[in-house]
Amino acid sequence: MPALIETRHLSRVDSVGHTTLLAPTDFALHAGERLTIVGPSGSGKSVFLRALALLDPPDSGELRWLAEPVGAQQIPRYRTHVSYLAQRPAMVDGTVADNLKLPFTLKAFQPRRFDADLASRLLDQAGKPASFLDKAVADLSGGEAQIVALVRVLQLAPHVILFDEPTAALDPQSAAAVEHLVLNWAEPERALVWVTHDRDQARRIGNRHMTMDQGVLQP
Amino acid sequence: MNYQSLSYLDLAIASALILVNGVLSVLLRLQLERQLLLAGIRTVVQLLAIGYVLGWVFQHAQWYVVLPLMCGMTLIAGFSASGRGERHYRGLLVDSVVSVWLSSWLVTAIGLLVILRVRPWYEPQYAIPILGMILGNTLTAVSLGMERMTRELAAQRGQVEMILSLGGTRWEAARSAAAQAVRAGMLPTLNQMTVVGIVSLPGMMTGQILAGQSPDEAVRYQIVIMFLIAASSALGTVCAVLLTFGRLFSPAHQFLAHRLVARR
């Protein structure tokens with residue numbers, strides 16, 4: 001079984017100062033892995049995660065999905081398999097339901113349709129009632145917005161989710177709800193990468209652990 | 001019909017009206033006196049200069065005289081359109097000039113060759129004022145469009161990357177900002193079209209009437225000009241927004257936010 005994601009000498013350099021953000025990195029993520037990466041601020045954790053999501057152009061190296069290079073035109077399709085969840089959730093104006101329906105307006109998800117039952121079940125796992133769907137985004141707390149952002153991704157059933165410190169700014173209750181949702185989603189054929197400062201959380205979430213320091217990923 | 005010729009004394013009396021602005025600036029402590037003085041001087045000097053240039057061009061009505069003047073006007077409009085907004089990116093000046101140039105020359109060509117059927121096409125009496133009016137409005141539209149596009153993309157970076165992360169294409173990620181930018185670029189012309197003839201009497205129409213042209217003929221010209229301006233503004237804005245989009249999004253569906261830098 002090939003690795004889900006594999007990188008070969010993937011690196012990033014700061015476009016202004018020419019400092020190394022991510023040293024050339026060989027890495028593989030296999031199905032069933034729940035990888036956590038810890039490291040100090042500015043060590044390159046987010047840079048690495050964004051590189052895996054192909055959100056930033058690498059300066060060298062390549063990334064493979066199921067042993068195949070990902071061409072420029074295949075990147076939107078790749079991102080339907082490999083989702084990236086930012087620390088600060090981005091919402092569009094409207095209700096929670098409007099935000100959960102958003103992915104289905106994208107070409108990559110045609111002809112799939114929004115499944116309100118699935119969304120309600122996922123929200124229920126996070127302790128939110130069905131009426132939460134009608135709540136205005138402007139009235140959401142930071143923790144609630146992150147739960148919505150997570151449910152927006154989970155309903156799409158990606159193979160891999162890249163979590164960029166998703167609970168760093170959340171209250172303990174919301175953080176627990178996010179962890180609960182993620183662990184329920186994690187199945188043997190799926191994988192995740194979770195970046196955090198919190199070593200206790202890393203132990204709870206992960207079954208494989210790595211560290212990042214000065215742009216270098218280490219076991 | 002004759003029109004009232006203006007002497008330099010008449011111009012001096014009109015120029016003295018800037019004192020109204022000056023007095024207001026002093027009374028309200030606006031500290032605009034210096035700018036008002038400079039603006040007043042520039043108005044007189046620039047218009048007198050273009051008057052002499054146009055007089056010379058009209059006397060030498062050849063394509064090799066008219067064309068460089070049209071190119072110069074277009075370049076200045078393109079440069080002016082690029083100078084607005086809090087953020088810029090490498091290539092913005094080129095995008096601005098290209099947008100202004102393509103849209104205004106295409107629409108001017110339609111106006112001169114298809115609608116007015118001017119022969120020869122470079123007849124300065126038509127070519128220069130029509131291009132000038134189109135340029136003046138197109139540069140505003142392009143400038144507003146680029147300014148709104150860069151502002152929205154910078155402000156909505158989280159949303160743009162969220163859509164990309166979910167599998168959206170670069171166009172799907174930029175669409176909201178692009179739509180707002182095109183709207184911003186087109187609105188001034190739309191507003192102008194809504195009130196023209198009711199609230200405002202356009203300069204060209206007024207000028208033609210003052211010069212002795214019949215109001216009916218002047219209005220016909222103005223209608224043509226308004227639609228030419230509307231078309232050029234829309235084309236210029238769309239062109240500018242698409243060029244900005246191409247600069248700030250890679251073919252690999254990545255938002256190159258680092259290319260957007262604050263203007264010094």
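**Close-up 1. The loop between α5 (92-115) and α6 of chain B, in a predicted model.** P120(B) is found in this loop between α5 and α6 of chain B, where helices are DSSP runs of H or I with at least four residues and strands are runs of E with at least two, numbered from the N terminus. A cis peptide bond, with omega of about -10 degrees, joins R119(B) and P120(B). R117(B) lies in the loop between α5 and α6 of chain B as well, and has a positive phi of about 50 degrees although it is not a glycine. With 8 C-beta neighbours inside 10 Å, R117(B) counts as exposed; a residue is exposed if 12 or fewer other C-beta atoms, placed from the backbone, lie within 10 Å of its own, buried if there are 20 or more, and partly exposed in between. Most residues other than glycine have a negative phi, and most peptide bonds are trans.

Residues are numbered from 1 along each chain as its sequence is written, and chains are lettered from A and ligands numbered from 1 in the order in which they are written.

**Close-up 2. Helix α6 (residues 124-155) of chain B.** Of the 32 residues of α6(B), 23 are buried, so this helix is largely enclosed by the rest of the structure. The end C-alpha atoms of α6(B) are 45 Å apart, which agrees with the 46 Å that its 32 residues should span at 1.5 Å a residue, the expected span being 1.5 Å times one less than the number of residues.

**Close-up 3. The open sheet of chain A.** Four strands with antiparallel pairing follow the order β2-β1-β4-β5 in chain A, two strands being paired if DSSP finds at least two bridges between them. Strands β2 (20-29) and β5 (68-69) of chain A stand at the edges with a single partner strand each, so one side of each is left without a neighbour in the sheet. Strand β1 (residues 5-13) of chain A pairs with β2(A) over six bridges, and R12(A) stands opposite L22(A) in β2(A).

**Close-up 4. The loop between β4 (60-65) and β5 of chain A.** A67(A), found in this loop, has a positive phi of about 70 degrees although it is not a glycine. A67(A) is exposed, with 10 other C-beta atoms within 10 Å.

Technical notes: This is a predicted model: local features need pLDDT of at least 70, side-chain atom pairs count only at pLDDT 80 or more; totals for chains, interfaces and linings use all residues.
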